[in-house]
Protein chains: 2
Amino acid sequence: MKDTLGAASGLVRLTFLVQNLYAEVGRACDLTVAQAQMLCSLSDRSIGMAELSGLLCLERSSLTGLVDRAQQRGLVVREDDPQDRRAVKVALTPAGSAALHRFHDELTERLDHLLQELPATERDRFTQTLGRVVADAPAVFAD
Amino acid sequence: MKDTLGAASGLVRLTFLVQNLYAEVGRACDLTVAQAQMLCSLSDRSIGMAELSGLLCLERSSLTGLVDRAQQRGLVVREDDPQDRRAVKVALTPAGSAALHRFHDELTERLDHLLQELPATERDRFTQTLGRVVADAPAVFAD
DNA sequence: TTGTGATTGTTCGCAGCACGAAGTAATTTG
DNA sequence: CAAATTACTTCGTGCTGCGAACAATCACAA
């Protein structure tokens, strides 16, 4: 009797689940997945294109378009970097920041809900292990 | 001293990580993410468009194109349903099945590797909880 | 100081994804 | 048999992500 789903299988399914939630919440905030991811990365500071593309695991050329569209929607601005005239820093606008918070709060709630039915001890252990596993991953989402 | 990353944050980061792995392995097998997901859903049986779109959480119209492209690449075929002349069943071709296995094996290995450094007990507990959390999610990936 | 080479970001063309509205054909239901 | 339902497709739109090619700027070394 196999009630132990393989680890890989569990990871993939969880990912699928979270991904769909992510998209759904994004949708409710009028954000695409890529936009939401970008806003999350910008929550606490402005970031240059090169670094940002590294964080998001995107080619620089892909990021250009993403920032273009987000800028057109007023979520984000390109600021000149005074240190380097080639460079640009992407920063949240007030509107972008507001959208981010709406998104973040709603998503956090929905995700917490996902674990709600677990017994507290199990949930804590799970969360802790989770923290370990993603320890060295980029901070695409902050608390 | 916060060494406990929030649960939501952990979930999002894990998802990001797995997603990138998924894409990378897909790439190595010459599969897009969407194609790989579809092949995984077809691993053990042929499925009609309506049901498949439900499994993958896609609109039917989106699925049409996905199947079109996969069919052009010889990964999949549309078979007539003898019971219902409107309906179609999507089935793996031998090439599709081969690609799926390559993808599945490689991804499983990479994902297991992700948990490899955890102590065995912790890993088992984690996997078990994982199974619970995704219990009612669609089987987008089998063991 | 003047190359030379690296880095920053952009443009372009391309294939693919996902949606919703509208449409066709076959099936079911009343 | 007519009407409602279901299965799938078509079309148009916007978004995504890649790689190749390119301009501007910077850093460093001769």
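Reader: What does B:A91 touch, leaving out residues up to four places away in sequence?

Author: In this predicted model, the partners of B:A91 beyond four places in sequence are B:L42, B:S46, B:V76, B:V77 and B:E79. The test behind the word "touches" is that C-beta atoms, placed from the backbone, lie within 7 Å. B:A91 itself belongs to strand β3 of chain B.

Reader: Why is B:A91 called partly exposed?

Author: Count its neighbours: B:A91 has 15 C-beta neighbours inside 10 Å. Buried would need 20 or more, and exposed would need 12 or fewer. The count of 15 falls in between, so B:A91 is partly exposed.

Reader: What makes β1 and β2 of chain B edge strands?

Author: Start with the sheet: it is open, has three strands in the order β1-β3-β2, and pairs antiparallel. β1 (47–48) and β2 (76–80) of chain B each pair on one side only, and that puts them at the edges.

Reader: How do you know that β1(B) and β3 of chain B are paired?

Author: Pairing calls for at least two bridges found by DSSP. β1(B) and β3 (residues 88–92) have two bridges, in the antiparallel sense, so they meet the requirement. Within this pairing, B:G48 has B:K89 in β3(B) as its bridge partner.

Reader: And chain A: what order do the strands of its sheet take?

Author: The order is β1-β3-β2, in an open antiparallel sheet of three strands. Here β1 (47–48) and β2 (76–80) of chain A each have a single partner strand, so each keeps one side without a neighbour in the sheet. β1(A) is joined to β3 (residues 88–92) by two antiparallel bridges, and A:G48 stands opposite A:K89 in β3(A).

Reader: What else makes up the fold of chain A, counted in helices and strands?

Author: There are six helices and three strands, arranged along the sequence as α-α-β-α-α-β-β-α-α. Of the 143 residues in chain A, 37% are buried. To be counted there, a residue needs 20 or more other C-beta atoms within 10 Å of its own.

Reader: How do you know how chains A and B are related?

Author: Superpose them. A rotation of 180 degrees, with 0.0 Å of shift along its axis, brings chain B onto chain A at an RMSD of 0.0 Å. The two copies are therefore related as by a two-fold rotation axis. In chain B, B:T15 has the C-alpha nearest that axis, at 2.4 Å.

Reader: Which elements of chain B build the side that touches chain A?

Author: First the totals: 41 residues of chain B are in contact with 42 residues of chain A. On the chain B side, α1 (7–28), α5 (94–115) and α6 (120–133) each give two or more residues. α1(B) has the largest share, 14 residues. By class, that side holds 23 nonpolar, twelve polar and six charged residues.

Reader: Why can you say that the copies meet through the same surface?

Author: Because 100% of the interface residues of chain B are interface residues in chain A as well.

Reader: How confident is the prediction, by ipTM and pTM?

Author: The model scores ipTM 0.92 and pTM 0.93. For chain A, the mean pLDDT is 94, and 97% of its residues reach 70 or more.

Methods
Residues are numbered from 1 along each chain as its sequence is written. Chains are lettered from A and ligands numbered from 1 in the order in which they are written. This is a predicted model: local features need pLDDT of at least 70, side-chain atom pairs count only at pLDDT 80 or more; totals for chains, interfaces and linings use all residues. Helices (H or I, at least four residues) and strands (E, at least two) are DSSP runs, numbered from the N terminus. Two residues are in contact if their C-beta atoms, placed from the backbone, lie within 7 Å. Ala, Val, Leu, Ile, Met, Phe, Trp, Tyr, Cys and Pro count as nonpolar, Asp, Glu, Lys and Arg as charged, and the others, Gly among them, as polar. pLDDT is the predictor's confidence in each residue, from 0 to 100. Copies are superposed by least squares on the C-alpha atoms of residues with pLDDT of at least 70 in both.
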